[in-house]
Amino acid sequence: MGSETLPMNHEERGGVCRSGQTRALAELSRFVYKRAAMIKNLPVRTLNHKALTIEGYSRAAVQSYWRIPELKLGFDLGGSPWSFLGTRHWFVTHAHLDHLAAIPVFVARRRMMKMEPPVIHLPQEVVEGVQRILQAWQRVDRGRMVCDLVGVKPGDEIELSREHVVTCFPTRHTVPSVGYVVWDRRKKLRPDLQGLSQNEIRERRLAGEDVTHEVRVPLVCYTGDTAPAGLDADPAVYQAQVLITEMTFYRPEHRKEKIHKFGHTHLDDILERANRFQNELIILSHFSTRYLEKNVRAAVEAKLPAALRERIHLWA
Ligand SMILES: [Zn+2]
Ligand SMILES: [Zn+2]
């Protein structure tokens, strides 16, 4: 995993202004942002699942952007809703315009609001190109583009905090792409020590032994655009409490072979895998603009078994 950083000075990097005057300006900007957070420049839908809030919008060839405030991260930057500005950590699945076009706007707005530079993870193959795009915008807009672009590849692991870690898995699309799993991690007593008394455990700990092991639970999986091979690429896709994936096509005449060649998933692919989904919530999104929501809903109702259907939420 390589980290590419656009040119910036120390003041900008920390996102903290040195002088009292600029600090006051930063506070004023944050105040204005909070007061102005009701600006609705783009559609955002919201769904709650247990302790998580899933916010976003996704339509093929239009735009995809998602955010989970409790995890302090977002997925894809096809659009940049004003309300998402406070989220600093982003995980982009691929560089198609409907998933990344808003990056200059997002980066510039955070700087304008005196917020810390965002950290944007994206497939390592596109880091250099995206960096050049931002530099070109910097020249024509004459505002500095300050952000950390972090290239990732399947198998990478990114520490978000003590409680959360993100892993990358391969997806199959027409351009370099990855999917992401956000894990909750806890330290638990090692299973082989479970029969021991508190005193014995404390003695072992004091003697320098690590009495804990890490237990991970996959909370959220976001695949981005992918042929069904991406669903099958990582067991955590089917195990995550919340799965956000794509179902670009549902109509029988949109032949599966063609769809797979273009790197998308069809309702039939979901049906074929019906027994594998252990997820509590499955969000299907990124519908083709050719479809009406009511028709997608009718097809899902007619084709998918009830046990799967009742966990599915259509994001249209
Ligand atoms: Zn897309
Ligand atoms: Zn795409």
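**Figure 1. Salt bridge between E253 and R251 in the predicted model.** The side chains of E253 and R251 meet with 2.7 Å between N and O. E253 has a relative accessible area of 48%, so E253 is classed as partly exposed. R251 is also partly exposed, at 35%. Side chains of opposite charge can pair when their charged atoms come close. The count for the model comes to 20 salt bridges.

**Figure 2. Salt bridge between D268 and K303.** Here the N to O distance is 2.8 Å. D268 belongs to helix α9 (residues 267–272) and K303 to helix α10, so this pair ties together parts that lie 35 residues apart in sequence. K303 is partly exposed, with a relative accessible area of 34%.

**Figure 3. A network of salt bridges that includes E214 and R216.** E157, E159, R185, E214 and R216 are joined into one network by salt bridges that share partners. Within this group, R216 forms a salt bridge with E214, and their closest N and O atoms are 2.6 Å apart. R216 has a relative accessibility of 28% and counts as partly exposed. E214 counts as partly exposed as well, at 36%.

**Figure 4. Protein donors of the zinc ion (ligand 1).** Four residues supply the donor atoms: D98 (OD), H99 (NE2), D225 (OD) and H286 (NE2). These donors lie 2.1 to 2.3 Å from the zinc ion (ligand 1). Along the chain, the donors follow the spacing D-H-x125-D-x60-H. The angles among the four donor atoms run from 90 to 163 degrees, and the site is irregular. A tetrahedral site would need all angles between 85 and 135 degrees.

**Figure 5. D225 and the two zinc ions, ligand 1 and ligand 2.** The zinc ion (ligand 1) and the zinc ion (ligand 2) are 3.5 Å apart, and D225 coordinates both. D225 lies in the loop between β12 (212–222) and α7 (235–239), while H286 lies in the loop between β14 (281–285) and α10 (293–303), so the pair ties together parts that are 61 residues apart in sequence. Both D225 and H286 are buried.

**Figure 6. A nonpolar surface patch made by I133, W137 and V140.** The patch formed by these three residues covers about 320 Å². V140 is located in helix α5 (residues 127–141). The relative accessible area of V140 is 65%, so V140 is classed as exposed.

Key
Residues numbered from 1 in each chain as written. Chains lettered and ligands numbered in written order. Predicted model: local features only at pLDDT ≥ 70, side-chain atom pairs only at ≥ 80, totals over all residues. Heavy atoms only, no water. Patch = residues over 30% accessible without salt bridge, like charges linked within 9 Å, V, L, I, M, F, W, Y side chains within 5 Å. Areas by Shrake-Rupley, 256 points an atom, 1.4 Å probe, with all protein chains shown as cover. Salt bridge = Lys/Arg side-chain N within 4 Å of Asp/Glu carboxyl O. Helix = DSSP H or I, 4+ residues; strand = E, 2+ residues; numbered from the N terminus. Buried < 20%, exposed > 50% of the residue type's maximum accessible area, 1.4 Å probe, protein only. Donors = N, O, S within 2.8 Å, 3.2 Å for Na, K, Ca; no water. Tetrahedral: all angles 85-135°; square planar, octahedral: opposite > 155°, others 65-115°.
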